[in-house]
Amino acid sequence: MAYTVKELFYTLQGEGGQAGRAAIFIRLAGCNLWSGREEDRDAAACRFCDTDFVGGERYGDAVALARAAADLWPGGGFPLAVVTGGEPGLQLDDALVRALHDHGFEVAVETNGTIALPAGLDWVCVSPKAGTELKVAAGEEIKLVWPQDGIDPDALLRLPFRHFFLQPRDGVAGSVQECVSYCLTHPGWRLSLQTHKLLGIP
Ligand SMILES: C[S@@+](CC[C@H](N)C(=O)[O-])C[C@H]1O[C@@H](n2cnc3c(N)ncnc32)[C@H](O)[C@@H]1O
Ligand SMILES: Nc1nc2[nH]cc(C(=O)O)c2c(=O)[nH]1
Ligand code: SF4
Ligand SMILES: [Mg+2]
């Protein structure tokens, strides 16, 4: 299968339970909850997206994409590939997971959880969006962008994940303090800051 990749870059994972860890990011194009066009944002199922995932470069197959990712890894350490988007569930398949594993990567995914994922992923981060149905209801971490109307965090806490993060909604004044207060009064939740934005790195 071919893949459309918005961007491929090496940085530190900025968010969640693997924050601070070096990783190759594979940002796959397209999302099922927003077209990515500003004029469609107000009518979209997900309206707070901080990312440009429209267009990009085409890779003919999984082997070519995994090789391009491996070429960016500096060598040594614990190779990690984070497949994100857009919504990676639209394109991520067994072949890409296998090809990344063949290069020694642990494979992590950042998903809105509305599309079933291939098996064999090493780290699944689900970031639920209000008004959508979760098809990926188990994994390593929930990372809930907060505040977010129409979502009950208590219901999410009952799902089989290892970590439960609240991440301040960028662009909303007071969201950091709301997350801090929520974590203090609901200690099942942990704070996830978008550290790459604080650091000014990709
Ligand atoms: C751009 S999304 C791509 C992956 C997938 N579509 C998803 O929503 O999880 C990557 C992460 O950024 C989070 N995110 C998007 N917009 C944000 C915002 N304005 N503030 C904080 N986090 C945001 C998402 O919830 C998700 O955890
Ligand atoms: N450094 C860094 N960490 C991230 N973790 C999740 C990201 C994403 O956009 O999915 C992201 C990102 O865009 N940059
Ligand atoms: S689901 Fe993810 S990629 Fe899609 S619009 Fe929302 S935050 Fe952005
Ligand atoms: Mg991001």
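1. Leaving aside its neighbours within four places in sequence, which residues is Cys46 in contact with? They are Leu33, Trp34, Asn112 and Lys129, where contact means that the C-beta atoms of two residues, placed from the backbone, lie within 7 Å.

2. A word on the ground rules: this is a predicted model, in which local features need pLDDT of at least 70 and side-chain atom pairs count only at pLDDT 80 or more, while totals for chains, interfaces and linings use all residues. Residues are numbered from 1 along each chain as its sequence is written, and chains are lettered from A and ligands numbered from 1 in the order in which they are written.

3. The unreviewed UniProt entry carries a "binding site" annotation on Cys31, Cys46 and Cys49; such annotations may be inferred rather than shown by experiment. The three span 19 residues in sequence, yet no two of their C-alpha atoms are more than 10.5 Å apart, so they gather at one spot.

4. Cys46 sits in the loop between strand 2 (22-28) and strand 3 (57-59), and Cys49 is in the loop between strand 2 and strand 3 too. Strands here are DSSP runs (E, at least two residues), numbered from the N terminus.

5. Cys46 is buried, having 20 other C-beta atoms within 10 Å. Cys49 counts as buried because it has 20 C-beta neighbours inside 10 Å; the cut-off for buried is 20 or more other C-beta atoms within 10 Å of the residue's own, placed from the backbone.

Methods: Helix = DSSP H or I, 4+ residues; strand = E, 2+ residues; numbered from the N terminus. Buried ≥ 20, exposed ≤ 12 C-beta atoms within 10 Å, placed from the backbone.
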